[in-house]
Amino acid sequence: MSESAVRPDRIDATFLKSAPSLAECPQDALPEVAFAGRSNAGKSSVLNQVTGNRRLARASKTPGRTQLLNFFATPLGGRLVDLPGYGYAKAAKAQQQAWRTHVERYLSHRVNLVALVLVMDIRHPFEPFDRFIVDWARSAHLPLHILLNKADKLRHGARVNALREATRSIAGGGISIQLFSAETGLGREELIDRLCVWLVPPTREGG
Ligand code: GDP
């Protein structure tokens with residue numbers, strides 16, 4: 001975000017639609033930032049925290065919508081996309097494969113996807129699913145912003161160590177990492193700043 005810009009207090013998002021497939025995603029060129037995370041990492045809580053809308057991610061958790069791509073419009077122009085939560089470790093292999101195929105299709109073919117936000121539980125970072133997202137973002141050269149969520153669950157020293165460790169192993173080359181707590185709001189300004197950059201549609205030079 002530029003120094004002169006005023007950071008909004010929240011990203012005021014409203015539910016737009018759910019899409020079961022790429023073909024049913026909104027048909028325009030507005031930028032999209034997709035949120036990914038393992039079930040229970042706190043993806044819904046993070047979305048609630050940055051949008052200030054407690055009902056928002058509940059829309060994604062409505063029965064029948066959990067396996068869909070859920071789109072939210074923002075006043076910045078671009079959209080937030082809530083990707084289906086990746087199942088619990090015990091989920092059947094076939095189910096995990098189905099998730100992967102579905103989300104991979106969106107990630108690989110959605111031309112207006114400008115960045116990914118990966119929500120991880122700071123106490124269990126870089127599980128295989130997270131690695132899949134990191135590797136994918138790297139190979140696609142797509143900016144990736146990682147939230148070490150539930151930072152409130154750790155003491156200050158442990159938090160700082162977790163951030164340092166994660167940064168050392170993964171940051172750079174388009175990947176950034178920050179501490180976050182959907183519970184306390186820790187880190188929300190940093191995330192809002194990122195979203196403000198990504199969600200504004202590019203202006204056309206020369207009209
Ligand atoms: P999702 O499955 O990734 O969408 O996860 P939810 O947002 O439903 O959160 C899973 C659980 O973790 C819920 O009980 C939340 O209240 C809790 N939770 C999420 N974020 C935080 C956080 O930052 N701190 C703490 N202490 N709990 C959190």
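**Exercise 1.** In this predicted model, find the bridge partner of Ile146 in S7. Then describe how strands S6 and S7 pair.

*Solution.* 
Step 1. Look across from Ile146 to S7: its bridge partner there is Ile177.
Step 2. Widen the view to the two strands. S6 covers residues 144-149, and its pairing with S7 is parallel, over 5 bridges.

**Exercise 2.** Decide how many of the residues of strand S7 are buried, and which residues lie on each side.

*Solution.* 
Step 1. Locate the strand: S7 spans residues 175-179.
Step 2. Count. Of its 5 residues, 5 are buried, and the strand is mostly covered.
Step 3. Sort by side. Ile175, Ile177 and Leu179 sit on one side; Ser176 and Gln178 sit on the other.
Step 4. Conclude: both faces of S7 are covered.

**Exercise 3.** Search the whole structure for aromatic pairs. Classify what you find, and state which strands are tied together.

*Solution.* 
Step 1. The search gives 1 aromatic pair. The partners are Phe15 and Phe72, with 5.6 Å centre to centre.
Step 2. Check the angle. The planes are 65 degrees apart. Angles over 60 count as edge-to-face, and this pair is edge-to-face.
Step 3. Phe15 is in strand S1 (residues 14-19) and Phe72 is in strand S3 (residues 69-73), so the pair links parts 57 residues apart in sequence.
Step 4. Compare accessibility. Phe15 has 33% relative accessibility, so it counts as partly exposed. Phe72 has 0%, so it counts as buried.

Conventions
Residues numbered from 1 in each chain as written. Predicted model: local features only at pLDDT ≥ 70, side-chain atom pairs only at ≥ 80, totals over all residues. Heavy atoms only, no water. Phe/Tyr/Trp six-rings, centres within 6.5 Å; stacked < 30°, edge-to-face > 60°. Helix = DSSP H or I, 4+ residues; strand = E, 2+ residues; numbered from the N terminus. Buried < 20%, exposed > 50% of the residue type's maximum accessible area, 1.4 Å probe, protein only. Pairing = 2+ DSSP bridges.
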